[in-house]
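My entries are below the structure.

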Amino acid sequence: MTVEHTQIAGRPGAADASSIGYRLLYFLGIKPWDQGRVPPELVQLIEGEDALPPGRALDLGCGGGTESIYLAQHGWQVTGVDYVARALQTARKRADAARVAAQWVRGDVTQLPKLNLGDGYTLLLDLGCFHGLNEAQRTAYAAGVAQTAARGANFLIFSFAPQFRGPAPRGLSREEIMRSLPGWELVWSRPASGMRLPLPLKRANPTFYRLRRR
Ligand SMILES: C[S@@+](CC[C@H](N)C(=O)[O-])C[C@H]1O[C@@H](n2cnc3c(N)ncnc32)[C@H](O)[C@@H]1O
């Protein structure tokens with residue numbers, strides 16, 4: 001069974017306004033990140049040596065849900081959040097096709113407390129959402145994340161290195177990530193392996209960060 005929530009957090013229209021770029025991309029079917037392939041860095045966490053025991057997982061900016069569905073298939077109780085309805089429709093269809101249950105929440109990751117997601121999440125995932133937020137948005141995001149994550153929770157983040165890229169995400173340095181997320185410690189950071197990226201983004205130093213909640 002899948003459940004879809006349709007609320008948008010915050011002022012009516014607030015999330016809608018900031019999501020215009022992504023809504024347009026999804027509408028046009030331009031979604032190079034949606035490769036239907038789970039990154040090896042996540043597979044290692046879930047199935048590798050010292051695999052994490054299944055628990056509650058929160059996928060922030062879940063897009064078409066590939067990673068959320070993978071986690072659900074491995075026994076995790078998953079909530080995927082995204083502010084684009086079209087992305088969540090795809091995620092729900094894919095979850096139905098895969099016959100897994102997940103909760104899909106439409107809303108803004110910078111306003112998590114208003115989404116009533118509960119707490120006790122032992123794994124958080126952000127593949128490509130956080131690194132597009134500005135400093136004020138990151139502060140709000142971090143406060144919401146702190147409320148949802150269990151002590152000792154793991155957080156897997158994918159980010160480009162910071163550089164102006166027009167409408168594409170600016171990216172974040174390791175220092176910016178750690179400064180934005182007080183209460184989390186870095187376990188490791190690794191160059192992203194096996195991701196099919198357009199040439200300019202290959203040079204963007206795509207990196208995975210594994211953090212742990214103190
Ligand atoms: C680059 S895509 C990555 C999607 C997915 N994580 C993946 O790896 O396939 C970034 C996603 O974050 C979502 N997003 C960006 N900012 C957001 C925000 N403030 N609140 C909710 N979703 C957001 C976008 O709609 C988009 O689906």
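**Ground rules.** I am reading a predicted model, in which local features need pLDDT of at least 70, side-chain atom pairs count only at pLDDT 80 or more, and totals for chains, interfaces and linings use all residues. Residues are numbered from 1 along each chain as its sequence is written, and side-chain values use heavy atoms, with hydrogens and water left out.

**Polar contacts.** I next looked for pairs of N or O atoms within 3.5 Å. The side chain of Asp82 has an N or O atom 2.6 Å from an oxygen atom of the ligand. For Asp108, a side-chain N or O atom is 2.9 Å from a ligand nitrogen atom. Tyr83 has a polar side-chain atom 3.2 Å from a nitrogen atom of the ligand. On its own the ligand has 590 Å² of accessible area (Shrake-Rupley method, 1.4 Å probe). The protein covers 94% of that.

**Largest pocket.** Which pocket does the ligand take up? The ligand's space is the largest pocket. I counted a molecule as sitting there if more than half of its atoms lie within 2 Å of the grid points. A pocket is an open set of points on a 1 Å grid over the protein atoms alone, where a 1.4 Å probe fits, with protein on both sides within 12 Å along at least five of seven lines; lining residues have an atom within 4 Å of a point. I read a volume of about 1,300 Å³, the space filled by probe spheres set on the points. The lining has 50 residues, and Tyr22, Trp33, Gly128, His131 and Pro169 lie nearest the centre.

**Second largest pocket.** I read about 150 Å³ for this one. Its lining includes Glu135, Arg138, Trp184 and Pro182. By class, four are nonpolar, two polar and four charged.

Definitions and conventions
A polar contact is a pair of N or O atoms within 3.5 Å; within protein, one must be able to donate a hydrogen and the other to accept it, and residues adjacent in sequence count only if both atoms are side-chain atoms. Ala, Val, Leu, Ile, Met, Phe, Trp, Tyr, Cys and Pro count as nonpolar, Asp, Glu, Lys and Arg as charged, and the others, Gly among them, as polar.
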